[in-house]
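Please read the following report alongside the sequence and the coordinates.

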Amino acid sequence: MVLAVKSEGLKIGYLDEQDNVLWAVKGVNLEVSEGEIYCIVGESGSGKSTVALAISGILPPHAVTEGELYVYGNLVIRGESRSYEKIRGRLVTYIPQSPGTGLNPYLTLGDQFYHVLKSLRGSTRKEAKAEAKKYLEMAGLDPASTLDRYPHELSGGMQQRAAIALALSTGARVLVADEPTSSLDAHLRLQIANLLLRLREEVKLTVIFITHDLLLASRVGDRVAVMYAGSLAEVGKLREVLLKPLHPYTSMLVDVIPTLGVKKQLKCYSGEPPRPGSNDEGCPFFDRCPYRFSKCAAEKPRLSLAEGDRYVACWLYGNRE
Amino acid sequence: MWRAGSTVTASSKPVIELKNVTAGYYTAEGFKTLKKVFKPAITKIDLKVNDGERLAIIGESGSGKTTLLRVILGLLPPLRGDVVVLGEQIYRVPARLRWRITRQIGYVPQDPAKSLNPRLRVAEVMAEPLARTDLSEKEKAERIRDALRIVQLHESILDYYPSQLSGGMMQRVLIARAIVHDPEILLLDEPTSALDVSIQAQIINLLCSIHEKLELAMVTVTHDLPVAQYLADQAVILYRGTIVEKGPMEEIIAHPRSEHARLLVTSYLSGLNGLDRINRAEGVSAGIKRETQR
Amino acid sequence: MMNKGHRSNLGGLGELARRAWSRSLRFRAGVVIVVVMVAVAILGPFIAPYPSDGWGAVPPKAAERAGKPPGPEFLLGTDHLGRDVLSRILVGAWLALAQSLAVISIGLALGLLLGICAAYYRQAIEATINYIAEVFLALPAVILALALRMVLGQGIHVVIGSLLLTWWPWYARVAYVYARSIAEMEYITLAKLAGVPGRRILVRHIAANVLPPVLVQAITDVGSVLLEAAAINFLGLGLPPDAPDWGIIVQNGFKYVISMPWISLFPGLFILLTALGFSMLGDSLREELDPKMRRRWRLWF
C-alpha cells in the first residue's frame, strides 16, 4: 500500500541573518497512511509548522532541506532540490491558521472556486458553480446563501469551512491543516474537528492536522506524532499515547493540560523548549526531563520501536532498533 | 505589606463595582452623512468584585470582554452607568488624574510581545509603576527584587532587553511589573493564550501562588474555560455584551443554566472525549494528583 | 507561533551600523564614499589647486585658459571663463553637503516632532498636522523655490527653505505612521495606567521606537535632497551664478555641452557619486533593520 506521506531523515532549516542554517526540523521520519487523520502535536518552535509547509510544498525559498519526502510515492524533496509540480495544490492542499487569510477578500466565494478550478482544469463558470455547491455542502455550508458572499461577510467558523471546501475542490487527497482551529471559539473548534472526521469517512481524505492542542487532537486523530525541538519524540495511536505516554515529554504535555471539570493539580515542569540553533548533542528534552541520566546528555536517542506500534525517542526504552 | 494609598481593608469590601454599565463605540454610519451611531458592546452590566476574590470574566470573541476590561481600566467612558474602582467613581476623576486609581490595578495585557517596549531594559519597565511613589531609590530596588523573586526570575534579567527573553519570561516580567507596587487588584487579560501549554501551566501555578501570597483581588478575562477553572472561584459568563450567568466556577461547570454557558461547557467537555474521560477512568502517568472530580 | 528571532536588542543605530559594517559590502562602500565626501567638503578650499577660481573669481588671463580639456595642468579642465573645474568642485563640496544636510536634519526634527504629536494626541491636533502636511506634500519644490526667489531674492535660503517646506511633511508622514502603530501597543496603555507622564511616554516609548527607522529613511534621502538642491540651483533659482554649487557648475557648462563636455560632466559625476553613497548607506541599514528585506534582495540575484 502506498503511503500518503512518507519522509526519511527530513531536515529543514532556515538561513538566519548570519547565513547560518538554523535547523527547525532535525531529521524526521513520518509515515502517514491513506485516509488517516494524523496529528502532529508540539509547542511553538517544535518545527511542526515547518513540516506542514514542507508537505504542502510552500516552504519559503530561503529554507534549506535535506533528506527525502514522498507524497503518494512522488519524491518531492530530495536533498536540496524540491519539486512540487503536479503535487502542490493537486495532490496536497493547505489550510492556514487564520481562516481570513486563506480567502481572497476581493472575491466572492463563488469566484474563488471559479478561479481555482479554472486554473486547475479549465472549468467554465457553470461547472465551477456546480462544483462549488457540491463542496460547500460537503463542508456543511448552505451554497445558496454563501456562494455570492465575500469572505468578510462570513463568521470565522464559516470562513474556515469555506477554506476547507475550497481546498477539497481541488480534488486533493491530502489536506494539511496548520492549527485550523486555534483562532476559533471553543464550540466552533469542535465543529471543524467533526467536519474533518466526516470528510475522512466521505472522501477518504488524508488529513495532516497540526496543533498544539492535545485535547483537540484526541478528538480527531488516529495517530499522533509528538514533536519537540525539531525531532519526533513519540509516534503512536493517539489513544494509546494519551493513555500511557512513554516519552517524558509526552507525559509532561498530558500532565500540564488543564481539563475542564477535573481539578487536578497542574504539575509544574520548569524550563522552556530549547531555542532554535542551540546545541544538538544529547536528548533535546534533557534539561527538563525528570528521568534523565548520563547517557541522555551524551547521545541523542533515535526514534525506535518501543512496544506494539509505538515509536519513542528516549533512552528509557532501550532504544532498540 | 505596603498598600498604595489604601483606605479601608474590610475583607468583603468591593474593589470593583459596575452598576448598569452600557459602553461601546461610535461608528460612522453611511457614506455621505457621517452620522455617528453608537454601537453598544456591553449592555447593562452589573458586576462586583470583592477584595481578595478570584473572578473570571469568560466570553468568546465578540462577547464584549475587551470592552468591559477597558471600562474597568478607565480607558473607555461608558455611555451609561457607574464604574467604581477602589471606592472611587473612576469616570468622575479627570482623565489626567485617573492614573492615581488605575495604578492600583496590576494589569497584565494579553500579548507579552506587544506589552514590552523593545527599547527599554527590564529594569526600566519594572520601575515604571514605582515612578510616582514617594519611595526612596533603595526601597524601589528592594521592591523590584521582591517582585522578581515572587515570579521566580533571576535578578540578572534586569539588564536584558525584551527581545532577549522568551515568551514565558516576558509574561513573568509583566506579572512582576503588575505586582511590584503591591496593587489591590490584579487584572489579567488572557494570561496564557500566547503561551505554550507547558509554560501555561507554570504561569497558572504562579498566579495562584501570587494570589495566596499577596491577598489581592484577581480578575481574569479569558475565553478559555479550563484555564479559568484554575484561576478563579467565581465566574461571570459574557455573551453578546450581557452577563448570561454568574456564580461559583464549579457550579457553572457542573450545572450551567444558561444556554450559552451550557454550549461552552459541553464544547470543552466533549472536546476531551478522549483525554478527559481517559484521565478520569484510568489515571494518566504516575504522579498526577487528582484532588477533586465530578 | 514562530518565535520572532532572537536578535539582540534592535537598539541604537550604533549597533545597527556595526552589524551592517560587518556584513554588507554596500554599507562599507557607502561609508567610504560619504567619508571621502565629507573630507572633501571640509578640506576642499585648502586642497583646491586654484582656490580663487573655486570661489568664482575669473582669472586674469581668462581668454588663454578658457575651455582647456582635462590635462596635467588642469586635471578636470577649465570652464568657458577659464576657471579650473576641479577647484570649483572641491570648493563647492561643502555647499552641496551643507544644503542637503541642513534640509534633512531640520526637516527630520520638525517632521518627527509633528508626526509623533499627531499620532499621540489624536483628534484636532492630528487632523490639523495631517492637513498641513498634505498641503505641503502636494507642492513641488521647484515651484516653491520660484515663489521664494520672487519674495526673498536670490540666496541659499531659497534652496533650503523650499526643500525644507517640501521635505518635512514626508518625515511627518513617515513618523506618524510608525507612531500610530506604536501608540496601539499595550506598553503605552501600561505606562498610561501607571501614571507615567505624557512627555515621558512620548520620548521613551514612542520616539525611541520611531526614531531608528525614520533616521535610516533620512540617510537614504540625503541623495535625493542633493539632487533636488542641484536642480534648483541649476535653474538659477537659488544661489548666485558665481557660486561654486555643483548644480550651477553643471548649468554653466550646459551651453557648451558639445564642445566642452567636461564642465558639466564632472560636477554631475560628483552629484551622482554622493547621492549613491548616501543611498547605499541608507539601504544597507534598512536591510539590517528589517532582515526580511535582505532575504528578498538576495533572492533577486
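## Cysteines

B:Cys208 is buried, since its relative accessible area of 18% falls under the 20% limit that is used for burial. The model is a predicted one, and a search of the whole structure, over all chains, finds zero disulfides. A:Cys296 accordingly takes part in no disulfide, and the nearest cysteine sulfur to that residue, belonging to A:Cys283, is 5.9 Å away, whereas a disulfide would require a pair of cysteine sulfur atoms within 2.5 Å. A:Cys296 is also buried, with a relative accessible area of 7%.

## Chain B and the setting of B:Ala56

Chain B contains eleven helices and eleven strands, and of its 294 residues 56% are buried. When contacts in chain B with a sequence separation of 6 or more are considered, 67% of them are accounted for by residues 24 or more positions apart. The chain exposes about 12800 Å², and carbon and sulfur atoms supply 50% of that area.

Within this chain, B:Ala56 is found in strand 3, which covers residues 54-58. B:Ala56 counts as buried because its relative accessible area is 0%, under the limit of 20%. Leaving aside neighbours within four places in sequence, the contacts of B:Ala56 are with B:Thr220, B:Ala228, B:Ala232, B:Gln234, B:Ala235 and B:Val236. B:Thr27, by contrast, is 29 residues from B:Ala56 in sequence, and the C-alpha atoms of the two are 29 Å apart in space.

## Chain C

Chain C has 13 helices and zero strands, so that its elements, read from the N terminus on, run α-α-α-α-α-α-α-α-α-α-α-α-α. Along its principal axes, the C-alpha trace of this chain spans about 80 × 45 × 35 Å.

Buried residues make up 50% of the 301 residues in chain C. Among the contacts in chain C that join residues at least 6 apart in sequence, 72% are between residues at least 24 apart.

## Buried positions in chain A

Helix 9 of chain A, residues 248-256, is mostly covered, with nine of its nine residues buried. Its buried residues include A:Tyr249, A:Met252, A:Leu253 and A:Val254, and also A:Thr250, A:Ser251 and A:Asp255.

What is the place of A:Thr181 in chain A? A:Thr181 lies in the loop between strand 9 (174-178) and helix 6 (186-203), and at 4% relative accessibility this residue counts as buried. Beyond its neighbours within four places in sequence, A:Thr181 is in contact with A:Arg189, A:Ile192 and A:Leu216.

A:Ala313 is placed in the segment after strand 15 (310-312) of chain A, and with a relative accessibility of 6% it is likewise counted as buried. Apart from neighbours within four places in sequence, A:Ala313 is in contact with A:Leu232, A:Ala233, A:His247, A:Pro301, A:Arg302 and A:Leu303. A:Leu216, which is among the contacts of A:Thr181, is 97 residues away from A:Ala313 in sequence and 24 Å away in space, C-alpha to C-alpha.

## The second largest pocket

The second largest pocket has a volume of about 430 Å³. Of the 22 residues that line this pocket, those closest to its centre are A:Lys26, A:Gly27, A:Lys300, A:Pro301 and A:Arg302.

Strand 1 (5-15), strand 2 (21-28) and strand 12 (231-237) of chain A each supply at least two residues of the lining, and the largest share, four residues, comes from strand 2 of chain A. By class, the lining of the second largest pocket is made up of eleven nonpolar, five polar and six charged residues.

Note on methods: Residues numbered from 1 in each chain as written. Chains lettered and ligands numbered in written order. Predicted model: local features only at pLDDT ≥ 70, side-chain atom pairs only at ≥ 80, totals over all residues. Heavy atoms only, no water. Buried < 20%, exposed > 50% of the residue type's maximum accessible area, 1.4 Å probe, protein only. 1 Å grid on protein atoms, 1.4 Å probe; cavity = no way out; pocket = protein on both sides within 12 Å on 5 of 7 lines; lining within 4 Å. Points joined across faces, edges and corners; volume = space filled by probe spheres on them. Nonpolar A, V, L, I, M, F, W, Y, C, P; charged D, E, K, R; others polar. Contact = heavy atoms within 4.5 Å. Areas by Shrake-Rupley, 256 points an atom, 1.4 Å probe, with all protein chains shown as cover.
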